Amino acid sequence: MTPATARARRLATRAGYGAIRVFFVVLLAFPFYWMLITAFKTNKDLYNTANNPYLFNAPPTLEHIIVLFRDTLFLQWLANTAFVGVLVVAITLVLAVPAGYALARMTGPWAQTLGVAIFLTYLVPPTILFIPFSRIVAQLGVQDTLWSLVLVYPSFTVPFCTWLLMGFFKTIPRDLEDAAMIDGLSRLGAFLKVVMPISLAGILTAVIFTFTLVTQEFVYGVTFITSSSSYTVSVGVPTFLVRGDVYFWGSMMAACLIASVPIALIYNLFVDRFVAGFTVGAVK
Amino acid sequence: MIALPAGGKGRARWSFVDNERRLWPAMLAPAILYIALLVGVPFVLSLFYSVSNATVGSRSIQFVGLENFRRIVESGTFWLSLKNTVLITVVSQFLVIVCANILALALTGEFRGKWLVRFLILLPWVAPISLGSIGWLWIFDSIYSVINWTARAVGLLGPHEWPIWLGEPTLAKTSIIIVNVWRIVPLATVIILAGLSSIPQDIHDAAQVDGAGFWRHYFEITGPLIMPITLVALLFGIIFTFTDMIVVFVLTRGGPYDTTQVIASWAYFTGIQGGDLAGGAAISLFLFPVLAIVAVVFLLFAKRAEVT
C-alpha cells in the first residue's frame, strides 16, 4: 500500500464517518426539531396541507406557548414533577448512599453478587408491578395524590443509585479512610468526614439520574393518578392534552420540548458515569 | 456531628460502628428493606392476584386456580399481543444493534462539535418517552404527516396514495418499531462506544501495521472485542422494549381493533382500565420469563467480571 492510497483511504473513512454522523443526528433529533417548528407556527399555517411544513409560511407566533401556560395545567404539572423529584431524591440518597458505600467496601464473594442483585431489581419493569401497586396505593389511601408516586418511585431509583454509587465509592482509595481511622475516627466517622466530602460529584450524579428517572416515569403515574391537577409532566401532556377530539398540537409540542430539553442538557454532562453504571463491569 | 469516642460509655456506643460485620448490614438494611417491600411484595401479590378473582370494585378475593390463565390463553388478543411483543422486540433490537454499532464507530475519535452531536443523539433516550412518542404521533398524523408530505414532494407517493400510519395494522406496527428503535439506539450507542474506547490503541496499531483493511479490521478485531458489551446493550434494549407499554399507549392505544396490542399495554387495559386486576396481573406475568433470562445472563456476566 503506497502512502498516497493510504491517505486516500483515511480520508474516505473520515468522510464516511462524517456522513454517518449527519445521517443519525438528523434521524434522531428530527422529532425535536419538529416539535420546535410546530410550537411556533400559527394554526392557519399548521393546518394547511398545501403549505410546505418545513417552513414558516406565516410569521412565527407565541400563541401556543401562551395557551400552554395560561389555559392548561402545564405549570402545575412541572411543579408536581419537581415536588415528587425532590422528595424522591431525598429518600433515594438516604437509602442508597450508605448501601452503595457498604457494597463498595464489603469483602467476600457475596458483595458483588448482592450488588448485581440490587441492580437487577431496577430492571423489574413497572408493567409487572403496577397492578398490585394500584391496590396497595388505594389501601394506603394515597391514590390520586403525589404521595403515591413519592412512595413508589424509590423502588427503581434506589436500586439504580445504589449500583451507581457503589461504583463511585470503589474509585475512592481505601488508604484515605485507613489513615483517618488510624487518626482515631471510627469507620462511620471516616465515611462521613473523609469519604462524603470528596464524593459530592458522585452524589450529584445520583441526584441527576434520580430526577431524570422521575421525570421519565409514565406507567405508575397514569395508573395511580386520575385527577389532572395531580399529574406529573410526562403523564399530563399525553393524557390530558390529547383528551377529547381537539388536539392542541402547537401547545403539545411546546410542552414536550420544554419538559425534555433541560433534562437532556444536564444529563449530557453526566452520561459517561451513567454508561459506566450500565455496563455492569463488562468494560474494564 | 460524630463525637469522638472518649472511653467509657461512648466507647461502647461507638464500638459497633467499628465492627464492620455489623456496620455493613446496618448500612445495607434500609435500602434492601425498601426494595423488598416495594418490589418483592408487589411481585408476590401479582402472583397471588393471577390465581384469584380480584377486581377493582370488590374487596373480597377468592382463589380461582389457573382460571385466569385459561381465560387468557383462550383469548385471541393474547396470542396477538404476544406475537406483537416478540415481533416488535426482535425487529427493533436487531435494527438497534446494527445502527448502534455503525454510529458508535463513527463517533470514535475527535471531531468538531462532538458535544453537540452527542447531545442531539442522546435526546431520544433522555427525553421522557411519553413525550417523545407524542412528537411521533404528530409526525404520523393521518392528515398532516410530514413523512407523507415529504414522500409526495419527492415523488415517492402518487397523488392518490396517502398511508394512514397508525390506522392500518402493518403500518401501525412499523411505526411502533420505528419509535422503539429511535428510543433505544442512543442508549446502545453510548454503551458500545464505551466498549470501543476501552480497546487499547496498540491493538489497532498492530492491525494497521499488519495491513488489515477496514472490513477485516472491523470483523476480526474490533467486532469480536466489543461482542460482550454489545450483548449488554442488547439485553437492556430487550428489557426496555419487551416490557414497554408507553409507545403503544401513546401512538395507538393498541388499535386498530387490538391489532397493535402488546403484553404490557393489554395488561394495562385489562387490569387498570377494565378493572380486572386478576386478569391484568396474569397477563403481565407473561413478561417475567424474558426478564428472568436476562437477569441470569447479567449474573453470569457479573461473575465473569469478578473472576477476571
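The model is predicted, so local features need pLDDT of at least 70 and side-chain atom pairs count only at pLDDT 80 or more, while totals for chains, interfaces and linings use all residues. Residues are numbered from 1 along each chain as its sequence is written, and chains are lettered from A, with ligands numbered from 1, in the order in which they are written. Helices are DSSP runs (H or I, at least four residues), numbered from the N terminus.

**Helix α11 of chain A**

- Helix α11(A) covers residues 200–216, and its end C-alpha atoms are 24 Å apart, in agreement with the 24 Å that its 17 residues should span at 1.5 Å a residue. The expected span is 1.5 Å times one less than the number of residues.
- Buried residues of α11(A) include Gly202(A), Thr205(A), Ala206(A), Phe209(A), Thr210(A) and Phe211(A). A residue is buried if 20 or more other C-beta atoms lie within 10 Å of its own, exposed if 12 or fewer, and partly exposed in between, with C-beta atoms placed from the backbone.
- Towards the end of the list come Thr212(A), Val214(A), Thr215(A) and Gln216(A), which are buried too.
- Within chain A, the buried residues of α11(A) pack against α4 (74–105), α8 (154–170), α13 (233–240) and α14 (249–278). From chain B, α5 (114–126) and α6 (129–139) also pack against them.

**How α8(A) meets α11(A)**

- The axes of α8(A) and α11(A) come within 10 Å and cross at roughly 155°. Axes here are lines fitted to C-alpha atoms, for helices over the stretch in contact, and angles run from 0 to 180 degrees between N-to-C directions.
- That angle makes α8(A) roughly antiparallel to α11(A). Angles under 35 degrees count as roughly parallel, over 145 as roughly antiparallel, 65 to 115 as roughly perpendicular and the rest as oblique.
- The crossing of α8(A) and α11(A) is right-handed. A crossing is right-handed if the near helix is turned clockwise from the far one by less than a right angle, and left-handed if anticlockwise.
- On the α8(A) side, the contact involves Phe156(A), Thr157(A), Phe160(A), Cys161(A), Leu164(A), Leu165(A) and Phe168(A). They meet Gly202(A), Thr205(A), Ala206(A), Phe209(A), Thr210(A) and Leu213(A) in α11(A). Residues are in contact if their C-beta atoms, placed from the backbone, lie within 7 Å.
- By class, the contact of α8(A) with α11(A) has nine nonpolar, four polar and no charged residues. Ala, Val, Leu, Ile, Met, Phe, Trp, Tyr, Cys and Pro count as nonpolar, Asp, Glu, Lys and Arg as charged, and the others, Gly among them, as polar.

**Between the chains**

- Helices α6(A) and α13(B) pack at an angle of about 10°, with their axes 10 Å apart, and that makes α6(A) roughly parallel to α13(B).
- Thr127(A), Ile131(A) and Ser134(A) of α6(A) make this contact with Ala264(B), Ala267(B), Gly271(B) and Ile272(B) of α13(B). It has four nonpolar, three polar and no charged residues.

**A helix pair within chain B**

- Helix α4(B), residues 76–107, and helix α8(B), residues 169–197, have axes that come within 6 Å and cross at roughly 40°. The two are therefore oblique to each other.
- The crossing of α4(B) and α8(B) is right-handed, and their contact has 21 nonpolar, five polar and one charged residues.

**Residues to look at one by one**

- Most residues other than glycine have a negative phi.
- Asp144(A) has a positive phi of about 65°. This residue lies in the loop between α6 (126–139) and α7 (146–152) of chain A and is partly exposed, with 15 other C-beta atoms within 10 Å.
- Tyr257(B) has a positive phi near 50°. Its place is the loop between α12 (246–251) and α13 (263–273) of chain B, and Tyr257(B) counts as exposed, with 10 C-beta neighbours inside 10 Å.
- Val64(B) sits in the loop between α2 (20–50) and α3 (67–74) of chain B. Not counting residues up to four places away in sequence, Val64(B) touches Val51(B), Ser52(B) and Asn53(B).

Methods. Contact = placed C-beta atoms within 7 Å.
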